[in-house]
Amino acid sequence: MSEENSRSLESVRFAKPRPYLHLIPDELLIEVGKYLLPTTKPPLPSLQPHFENYRHPFGRRGNYRDYISFRESCHKVSCLLKPIDKDFEIEIKSKEGLEKWVNAPKEKLDNVIRLRLKFTLDPSDDIPTLSSRYWTEFISLLLKLPNLVELYLTATPFCYHRNPAHIFPLELPDSVENPLPSIISFANEVKCRACAEHLTRLSGCMTNLRYMKCTSQDSVSDHDVGEDFEPYDFMLSNHTPKLETLYLKYWDLDTFDDGPLWELHEGAPDLKRLIYSSHAIEYPYTLRQRAMLEAVRQDNQWQFEVGTEKGEHLSLNGTLTTFAQEWSQFDKMEEFDPGLVLNIAQYYTSTIHGLAPKRGSEPTNPYTLQPVPSEVLDQIHIVHPEEYERVFKEAMVEATKIMKANWTSLKKVYWWQDRHKRPTRDYLRWTAVIVEDGPSTEGHTDGNLVDVMIEGSQKMYHDLIWSDDGTIPPDVETALDDIHLG
Ligand SMILES: [Zn+2]
C-alpha cells in the first residue's frame with residue numbers, strides 16, 4: 001500500500017539469486033540487514049510548537065528503502081531478514097492515495113498508527129462536489145483506523161468556502177456517534193485560515209486527545225457565540241477535557257484577557273503544557289512576541305511588571321505575582337510559555353541595544369513599557385554582553401521563583417530575549433527548570449526551597465520561527481466586516 005516504489009516480495013522471491021551473495025554466511029547477512037534499518041523514529045506524539053519550524057516529523061520517518069532493496073536482492077536474504085510493514089505511518093499525498101486507503105483491507109488499516117493528509121484539489125477540479133465527497137471519505141477512513149494515534153492535517157481537499165467565506169459548509173461528524181478514541185495527538189497545520197479554524201473542531205470527536213497543535217479561532221462563525229462576540233476576539237471553542245499539551249498560535253489578539261483564560265480553562269482544564277506563539281498575519285508570518293516582562297532592580301531586589309510592547313494591546317498590566325495568580329487556575333500546569341520577552345530595563349549592551357540613552361532624552365530601548373523614571377535612568381549600566389547575560393539570568397531565576405511561589409504546579413517556564421532592534425525579530429528562548437526542594441539560597445523574597453536552573457538558550461531566528469499555518473484567509477475578514485457592520 002506504500003506510495004514508495006518498491007517491488008513486492010512475491011515478485012522477487014523467484015528471481016535469480018545474485019551471484020556470490022548466497023555464499024556469504026547467514027550471520028553476516030543478518031548483521032548487514034540490521035545495519036540498514038533506520039536508527040531513528042519520530043516520537044509519539046511528534047508535535048512541535050509553531051515556532052519550532054524544524055524538519056516536519058513526517059520527513060523524519062525511518063527510511064526502510066535500503067533494507068527492503070537488500071532484502072529483495074535474493075531469496076536467501078529475504079528468508080533471513082524479517083519483512084517490514086512500514087505502512088503504520090502513512091502520508092496521503094494525492095486523490096489516488098486517499099481512494100487507495102479508503103478501500104484498503106482491514107488488516108492494513110489496523111496497522112496504521114500515524115496519518116498525515118497532505119494534498120489539495122486542483123483549481124480545475126469541481127471543488128464544491130469533490131471537497132464534500134473527499135470529506136465524507138476521509139471521515140469514513142478515520143473511523144476505520146482503530147489504532148490511529150496521531151493525525152496531521154497539513155493540506156486538505158476540503159477547502160471550499162461559499163459566501164460568507166468563514167462558514168465551513170461541511171458538516172463535522174457527531175462526536176457521540178463517531179468517536180475517534182484512539183487519537184491522542186492532533187495537528188491542524190493547514191494554510192487556509194477558515195479551515196485552520198474549523199477543522200480544529202474535529203478534536204471534539206477525539207475523546208482521548210492529549211496533545212494538540214492548532215491556531216486560535218478568532219474569525220469563524222459559531223452558533224454558540226453570544227451577541228457580544230467581536231470578530232477577531234480570541235476564541236478556542238474546544239471541548240477536549242483530557243488535553244495536556246497545547247501548542248497554540250494566535251495573531252494580534254488579546255490572549256491574556258479574562259475571556260481567553262476562561263475559554264482555555266473551560267475547554268482544557270487539565271493542561272500541563274501551554275506554549276503560545278503570536279505571529280504576524282502578513283507575509284513572512286514572523287513570530288511576534290508582544291508580551292513583555294520588565295525587570296527593574298532596586299535596593300538589590302528585582303521588581304517585575306508584565307506589559308505589552310509599545311503600540312500593541314494586550315490585557316497585561318500589573319505585577320508578575322498577579323499574572324501568575326490569575327493563571328494558576330490551571331492547577332496541573334507544569335510547563336508554560338506565554339511568550340514573555342524579558343527586558344532588564346536598566347542594563348544596556350551594545351550588541352542588542354546600540355547606544356544607551358542620555359539623560360533627559362527619550363529612552364532608546366524600544367521595548368521599555370513606560371518612560372524610564374529618571375532615578376532609574378541614573379542607574380543605567382552599560383555592560384559587556386557577558387555581564388548582560390549574567391544579570392539577565394539572575395532576573396530569569398528571580399522571575400521564575402515568583403511564578404513558582406504563586407503557581408505551585410509549575411516545573412518549567414520559558415523566557416524570551418530580544419537579540420536585535422526592531423524590525424528584525426530574532427530571539428533567544430531560555431528554559432528555566434524548577435528544582436523543588438533544592439538547596440535553599442539566601443536572600444530570596446518568597447523563602448521557598450526552590451532552585452531554578454537556566455538551561456542553554458535556543459536561538460530563535462526568523463528562518464526557523466515563521467509559520468504560515470492558517471494565514472491565507474479566503475476573504476474571511478471582508479465577510480466578517482460585512483456582517484459586523486450590517
Ligand atoms: Zn479553507
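Trainee: Which residues does Trp415 touch, leaving out those up to four places away in sequence?
Mentor: In this predicted model, Trp415 touches Leu340, Leu342, Met396, Ala399, Trp430 and Ala432.

Trainee: Which residues touch the most other members of the largest nonpolar core?
Mentor: They are Leu320, Ala399 and Trp415, in a core of 98 residues. Helix H13, residues 385-406, gives the largest share of this core, with 7 residues.

Trainee: Turning to another residue, where is Thr471?
Mentor: Thr471 sits in the loop that joins helix H14 (462-465) to helix H15 (476-485).

Trainee: Is Thr471 buried or exposed?
Mentor: Thr471 is buried, because 22 other C-beta atoms lie within 10 Å, and the cut-off for a buried residue is 20 or more.

Trainee: What does Thr471 touch, not counting residues up to four places away in sequence?
Mentor: Its contacts are Lys191, Arg193, Ile281 and Tyr285. As for Pro284, its C-alpha is 10.0 Å from that of Thr471, while the two residues are 187 apart in sequence.

Trainee: What is the mean pLDDT of the chain?
Mentor: The mean is 82, and 80% of the residues reach 70 or more.

Trainee: Where does pLDDT stay under 50?
Mentor: One such stretch is residues 360-370, for which the model has 25 contacts beyond four places in sequence. Another is residues 479-486, with 9 such contacts.

Note on methods:
Residues are numbered from 1 along each chain as its sequence is written. This is a predicted model: local features need pLDDT of at least 70, side-chain atom pairs count only at pLDDT 80 or more; totals for chains, interfaces and linings use all residues. Helices (H or I, at least four residues) and strands (E, at least two) are DSSP runs, numbered from the N terminus. A residue is buried if 20 or more other C-beta atoms lie within 10 Å of its own, exposed if 12 or fewer, and partly exposed in between; C-beta atoms are placed from the backbone. Two residues are in contact if their C-beta atoms, placed from the backbone, lie within 7 Å. pLDDT is the predictor's confidence in each residue, from 0 to 100. A nonpolar core is a set of buried Ala, Val, Leu, Ile, Met, Phe, Trp, Tyr and Cys residues joined through C-beta atoms within 7 Å.
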